[in-house]
Amino acid sequence: MTTLETRLKNDIKTAMKSGAKDDLEVLRTVISDIKNAAIAEGLSREGFGDEIVLTILRKGVKTRSESAEMYREAKREDLESKERFQIEVLRRYLPAEMSTAEIEVIVDTVIVE
């Protein structure tokens, strides 16, 4: 089974070969964040779990969302657009989010039980 970190590294290689500089920048930043988290936690680089990678990805989305909002308020569409693009790249690696309707069905089912 391919880990999320391995998938990210493979996508870096693909982005380098295809010349996708914007994707490459985001992916390299994520790999750097993963390495920094491993060092900070004193964890081994081998077998770095997907849960930690997902946490880093979610944090990246949150940070970029906040930045995009600040840029929007400052009327800096160019920088907001860049942040939104980076968010979309990071979301490729996150599991799909449940819709409000799906959550309501689960809550109703739990309440009935």
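This is a predicted model: local features need pLDDT of at least 70, side-chain atom pairs count only at pLDDT 80 or more; totals for chains, interfaces and linings use all residues.
View 1. Gln86 touches Glu25, Val26 and Arg64, leaving aside residues up to four places away in sequence. Gln86 is part of helix α4, which spans residues 77-91. With a relative accessible area of 9%, Gln86 is buried, because this value falls under the 20% cut-off.

**View 2. Salt bridge between Glu25 and Lys82****.** The closest N and O atoms of Glu25 and Lys82 are 3.7 Å apart. The pair joins distant parts of the chain, with Glu25 in helix α2 and Lys82 in helix α4, 57 residues apart. Glu25 is partly exposed, its relative accessible area being 37%. Lys82 is likewise partly exposed, with a relative accessible area of 41%. Glu25 is also one of the residues that Gln86 touches.

**View 3. Packing of helix α1 against helix α2****.** Helix α1 covers residues 4-18 and helix α2 residues 21-41; their axes come within 9 Å and cross at roughly 150°. The two helices are therefore roughly antiparallel. Their crossing is left-handed. On the α1 side, the contact is made by Glu5, Leu8, Lys9, Asp11, Ile12, Ala15 and Met16. These residues meet Asp23, Leu24, Leu27, Arg28, Val30, Ile31 and Ile34 of α2. By class, the residues of this contact comprise 9 nonpolar and 5 charged, with no polar ones.

**View 4. Salt bridge between Glu69 and Arg72 in helix α3****.** The side chains of Glu69 and Arg72 meet at a distance of 2.4 Å, N to O. Both residues lie in helix α3 (residues 50-73), where they are 3 residues apart, about one turn of the helix. Glu69 counts as partly exposed, at 28% relative accessibility. Arg72 also counts as partly exposed, at 41%.

**View 5. Salt bridge between Asp78 and Arg76****.** The side chains of Asp78 and Arg76 meet at 3.0 Å, N to O. Asp78 has a relative accessible area of 48% and is partly exposed. For Arg76 the relative accessibility is 38%, which again counts as partly exposed. Side chains of opposite charge can pair when their charged atoms come close. A search of the whole structure finds 8 salt bridges, among them the pairs Glu25 with Lys82, Glu69 with Arg72 and Asp78 with Arg76.

How values were computed. Residues are numbered from 1 along each chain as its sequence is written. Side-chain values use heavy atoms; hydrogens and water are left out. Axes are lines fitted to C-alpha atoms, for helices over the stretch in contact, and angles run from 0 to 180 degrees between N-to-C directions. Helices (H or I, at least four residues) and strands (E, at least two) are DSSP runs, numbered from the N terminus. Angles under 35 degrees count as roughly parallel, over 145 as roughly antiparallel, 65 to 115 as roughly perpendicular and the rest as oblique. A crossing is left-handed if the near helix is turned anticlockwise from the far one by less than a right angle, and right-handed if clockwise. Contact means heavy atoms within 4.5 Å. Ala, Val, Leu, Ile, Met, Phe, Trp, Tyr, Cys and Pro count as nonpolar, Asp, Glu, Lys and Arg as charged, and the others, Gly among them, as polar. Buried means under 20% relative accessible area, exposed over 50%, partly exposed in between (1.4 Å probe, protein chains only). A salt bridge is a side-chain nitrogen of Lys or Arg within 4 Å of a carboxyl oxygen of Asp or Glu.
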